[in-house]
Amino acid sequence: MRSFLGRDILSLKDFGREEYFRIFEVADELEPIARNRRNSNMLAEKTLVTAFYQPSTRTRLAHEAAMHRLGGHVTGFSDAKMTRAGDFYQESIKDTVRMLEYYGDAIVMRHFQQGAPQEAARWSSVPVINAGDGWGEHPTQVLTDLYTILNEKGTLDGLNFLLIGDMRMRTMHSISYAMSQFDINAMYVSPPNMSLTDDFKQELVNLNLNFRELEHVEQGIAEADVIYMEPVVQPDYTKSRDERSGKEGFTPDNYRVTKELMRKAPQDSIILHSLPRMDELPAEVDDTRHARYWIEAFNGVVVRMALLALVLGAME
Ligand code: CP
């Protein structure tokens, strides 16, 4: 297994099974620190730089919370408009990163351009963590999701996943790469204009992922051990910021998970949603035994603690 020390975390395409389990072992070890709301001093000599060119609630703050839980320091920006990259100068990723690498020991970057974290990693002497790049990937979110599933179901093998949403979404790419490392059957449900692209489907075939596409959640709900959701009413992820115009409309029933629909699901099925949500997952579902998105949010801190500890050398 490759060491995580000093490694860029850009994509799950190149992650092997044993690497997932190593991160999850470290997460289990560090979890009591977060659960007991304590801070340790494991990363007391390290600083994380956050470079967020797109809005975020969970990903940025979970990385920051993780760093604080490990006794480390945080600096950075949550809005590129307040930097030279977002003003008159439109400073390049190369020039920006060649500054940021002196301000800390790892950079976590969210960007509206697919491949921007890869570009940053080319120029950075410190590790770069991809916090979501355009429609590209969202590896740390999916590590969080798999850790949640492992804890809740006791395994990542022998499961049926019902994936609902916009299949161009970065989480859908990362989860698809991850699923190919486990014994998972995937059922994808999306509007036709948001379906898996032919190129991506070919990639999944090449990765030997067992998958099929459905038109309506009702066609897969009875088999679903894990329901993995994203909105279909959502912003354009290739923009730095996309305000809601009010003309977006509502989510069709084909892509909604309601309390009524969950009566047709296996008793022990679980629902994950990386959030934020629109009307595809009404609040009435929060009170059912299936909802796991709040524990998923807690696990988001724990998994980022594990990643930072590994990448920054506090754990082997
Ligand atoms: N799940 C997720 O990426 O949320 P944020 O956009 O709030 O970071």
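The ligand takes up the space of the largest pocket. A pocket here is an open set of points on a 1 Å grid over the protein atoms alone, where a 1.4 Å probe fits, with protein on both sides within 12 Å along at least five of seven lines. The model is predicted: local features need pLDDT of at least 70, side-chain atom pairs count only at pLDDT 80 or more, and totals for chains, interfaces and linings use all residues. Residues are numbered from 1 along each chain as its sequence is written, and side-chain values use heavy atoms, without hydrogens and water.

Start with the chain. It is divided into domain 1 (17-137 + 297-311) and domain 2 (139-296), with bounds from an automatic or database domain assignment. Their centres, taken over C-alpha atoms, are 24 Å apart. Domain 1 gives 33 residues to the contact and domain 2 gives 37 residues; contact means heavy atoms within 4.5 Å.

Where does the ligand lie relative to domain 1 and domain 2? Both domains give residues to its shell, so the ligand lies between them.

Now the shell itself. Around the ligand are Ser56, Thr57, Arg58, Thr59, Arg110, His138, Gln141, Ser274 and Leu275, each with a heavy atom within 4 Å. By class, 6 are polar, 2 are charged and 1 is nonpolar.

Next, the polar contacts (pairs of N or O atoms within 3.5 Å). A backbone N or O atom of Thr57 is 2.7 Å from a ligand oxygen. For a polar backbone atom of Arg58, the distance to a ligand oxygen is 2.9 Å. Arg110 uses a side-chain N or O atom, 2.8 Å from an oxygen of the ligand. The protein covers 89% of the 250 Å² of accessible area that the ligand has on its own, by the Shrake-Rupley method with a 1.4 Å probe.

Key. A polar contact is a pair of N or O atoms within 3.5 Å; within protein, one must be able to donate a hydrogen and the other to accept it, and residues adjacent in sequence count only if both atoms are side-chain atoms. On a 1 Å grid over the protein atoms alone, a cavity is a set of points where a 1.4 Å probe fits but cannot get out, and a pocket is an open set with protein on both sides within 12 Å along at least five of seven lines; lining residues have an atom within 4 Å of a point. A molecule sits in a cavity or pocket if more than half of its atoms lie within 2 Å of its grid points. Ala, Val, Leu, Ile, Met, Phe, Trp, Tyr, Cys and Pro count as nonpolar, Asp, Glu, Lys and Arg as charged, and the others, Gly among them, as polar.
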